[in-house]
Amino acid sequence: MSDVRRSMSEVRPPVAKRVHSERVHHGDVFVDEYAWLGEKEDPEVTAYLEAQNAFADAQTADLADLRSAIFGEIKARTRETDMGVPVRSEGYWYYVRTTQGHAYPRYCRCPIASDDDWTPPQVSLDETLPGEQVYFDMEAEAQGHDFYNAVVSMSHDGRRIAYGVDLEGDERYTLRIRDLDTGDDLPGEIVDTAGSAVWSIDGRFVFYLTVDDAWRPDKVWRHEVGAGVDDVLVFHEPDEHFWVGVGGTASDRYLVISSESKVTTESFILSADDPTGEFVSIAGRTPGIEYGVEHAIIGGDDYFVIVHNGDDGQGGKAVEYAVDIAPVDDIAARRPLIPHDPTRRIEEVDCFRDYLVLSYRSQAVPRVAVADLRGIDGVPTVDDFHEITFDQELSSPALGSNPEWCTPRLRLVYTSFVDPTEAVELDVATGERTLLRRQTVLGDYDPSTYVATRDWAVADDGTRVPVSLVHRRDLADGPAPVLLVGYGAYELPLDPGFSIPRLSLLDRGVVLAYAHIRGGGELGRNWYESGRLLNKRNTFTDYIAVARHLIDSGRTSASQLVADGGSAGGLLMGAVVNMAPELFGGVLAGVPFVDALTSMLDPSLPLTVTEWDEWGNPYDDPEVYEYMKSYSPYENVGPRAYPTILALASFNDTRVLYTEAAKWVAALQATTTSDAPILLKTEMSAGHGGVSGRYKQWAEIAFEHAWILRASGAV
């Protein structure tokens, strides 16, 4: 054993004190000896977290050179001085500049040349465009702050911005309004908002959200610009299952308030010409029915376009969603536009003056189809939507930023596991595509060096589970280090996407595997439903089936397989390492939801009540309690030979409290029967998304990747 390795093995983790604390529910008594770690203001808690950080530093000290090399590779492949493709909106071209040495971007704009100026200007790296204005310099705004995040909204006349600032990572924003002519903020600020804001057409009002004690956006307010902070409450959602959002239709004709639980939606609309009027419900609220609303003008008539999972028109439910259309002045006359198809999960319809754009999923990948209204007599049918295809089978095409309702061309975004992200402009009438920008990868990057393929594993119940594999084309046959990424919750898919930092793993011989397990959205709503509530264990057994498939097929070995998941994917990590620790050489769990049952039993915590639709309500339902207790990672830690584990937490996280990872790691360290180090690294000035600023983010990625490479035996 080297001196470094010997010194690492001699460093012991801090021992958390054990304090007897009982959680009693439905007659069941659970002794939680580490509950005291939830006392955030207790100096002993902070000292313990800092001691765990010191232990993690000591255990990873030998990776310093590797971390530095990976950070350098990310930096060397990234064009640090860069800009986005300008996007036209209400008289200006908007774009973002990033500058070498700056951790945060600058938001810029320049005037359009004329009404028919639809060709994005070429933005130079070192020269400004005529009339260019930096309307929000995030680098300057962030100076002096350990953490900084801002959400910026431009008024329709381009004279002012509303911007929300979070300095802690706790997702509570202070909202301010700035006059762009003077550069000064108007008097007064609004605290504890949800960040974003929506302007009225006339620029007199800003609509914004505030949160309740559980961090749930529950109120919409109307603020009159320049009139102090005596704001008007225009909407309140008292039901704790629902989150509220506010926005507008693409046509700018209507303002929209949405109130959404995990399984039910209600939308309210207000004519944009009447910002002080009352919002009116579109289709009421029916438990289990979700819908979204857009506005379209077809054949000169105004319609609401409604994406929903209600009546499928054949006496059943449109499980994978359908699209209806209704005259704006007669909602009751709604009729089908795109019928329900169980093989196609409809996600969204975007409406423009001349086009309807359908975003949907089929065969476990996202897809986009466009209907050109100019060539259709009357209301279009499903046959009028034509798919926009790309070369890579495993790819993610999507509608890009198209804020102009009357745009003559559509901006699309395309990416895959091996192709850098592209912005493409589509002439719908001719089908001609113009490449506007391809993400720059410095160093002569060649996509053909890498290959992405689809594989399938078979779960215990016979369900076929898709797996995406990415690796270098010249990778030798035989077992290789594998990073197996999983999530499996909220109907969120792991879609193909390009990553510069990931190249540092691929070029060191690591295979990246993505387990598209039940609970996610890859194969539609039924795929999600079969991995939530009392079906949740399918998520974990699917992931284990994928791991076993990769080992049994010779792709990897248990000692070379590292599991990776964050947030709800961190719950996945905690569950599978309890169920099958022998399958993994390491586990990376980011902001992990590993104390799920305790959290779901406390309605006062942020998000708990809204999360009951995802996990079940163990507070009131004994069956749900027993089911969750059977898999909740913290309750099921026991004397097992756990692999090496790295848990990452954020002290100011309001979505998954730092306490969950802290308690879990304390229990793991106290009970593991192996010598594999179990580490906890807590960012003391960050939230659920981790640190802010790209250089800090790169350093964190380098830390994680170095650990992955060691845990998988790649180095």
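Which residue in β17 is the bridge partner of V246? I257 is that partner. The legends below start with the whole chain and then move to close-ups.

**Figure 1. Overview of the predicted model.** This is a predicted model, in which local features need pLDDT of at least 70, side-chain atom pairs count only at pLDDT 80 or more, and totals for chains, interfaces and linings use all residues. Residues are numbered from 1 along each chain as its sequence is written, and side-chain values use heavy atoms, with hydrogens and water left out. The protein has 13 helices and 39 strands. Helices (H or I, at least four residues) and strands (E, at least two) are DSSP runs, numbered from the N terminus. The radius of gyration is 26 Å, close to the 27 Å of the globule rule for 715 residues, so the protein is as compact as a globular protein of that length. That radius is taken over C-alpha atoms, and the rule is 2.2 Å times the number of residues to the power 0.38. Along the principal axes, the C-alpha atoms fill a box of roughly 75 × 60 × 55 Å. Of the 715 residues, 56% are buried. Buried means under 20% relative accessible area, exposed over 50%, and partly exposed in between (1.4 Å probe, protein chains only).

**Figure 2. The open sheet with β16 at one edge.** Four strands run in the order β16-β17-β18-β19, with antiparallel pairing. Its edge strands, β16 (243-248) and β19 (280-281), each pair on one side only. Two strands pair if DSSP finds at least two bridges between them. Between β16 and β17 (residues 254-260) there are 6 bridges. V246 and I257 are bridge partners. Strands of a sheet pair through backbone hydrogen bonds, either parallel or antiparallel.

**Figure 3. The β1-β2 hairpin.** Strand β1 (residues 22-25) pairs with β2 in the antiparallel sense over 4 bridges. The hairpin has 2 residues between its strands. In the turn, H26 has a positive phi of about 50°. R23 stands opposite F30 of β2. Strand β2 (residues 28-31) has D28 and F30 on its covered face. V29 and V31 make up the uncovered face. In a regular strand the side chains alternate between the two faces of the sheet.

**Figure 4. Helix α10 and its packing partners.** Helix α10 (residues 608-615) is mostly covered, with 8 of its 8 residues buried. Among them are W612 and W615. The buried residues pack against β16, the edge strand of Figure 2. They also pack against α6 (525-529), α8 (568-579), α9 (596-600) and α11 (622-631). Just after the helix, G616 takes a positive phi of about 105°.

**Figure 5. T608 in helix α10.** T608 lies in α10. This residue counts as buried, at 1% relative accessibility. Leaving aside neighbours within four places in sequence, T608 is in contact with S599, M600, D602 and P603. Contact means heavy atoms within 4.5 Å.

**Figure 6. L668 in helix α12.** L668 sits in helix α12 (residues 658-671). Its relative accessible area is 0%, so L668 is buried. Not counting residues up to four places away in sequence, L668 touches V637, Y642, I645 and I678. L679 is 11 residues from L668 in sequence. In space, the two are 9.7 Å apart, C-alpha to C-alpha.
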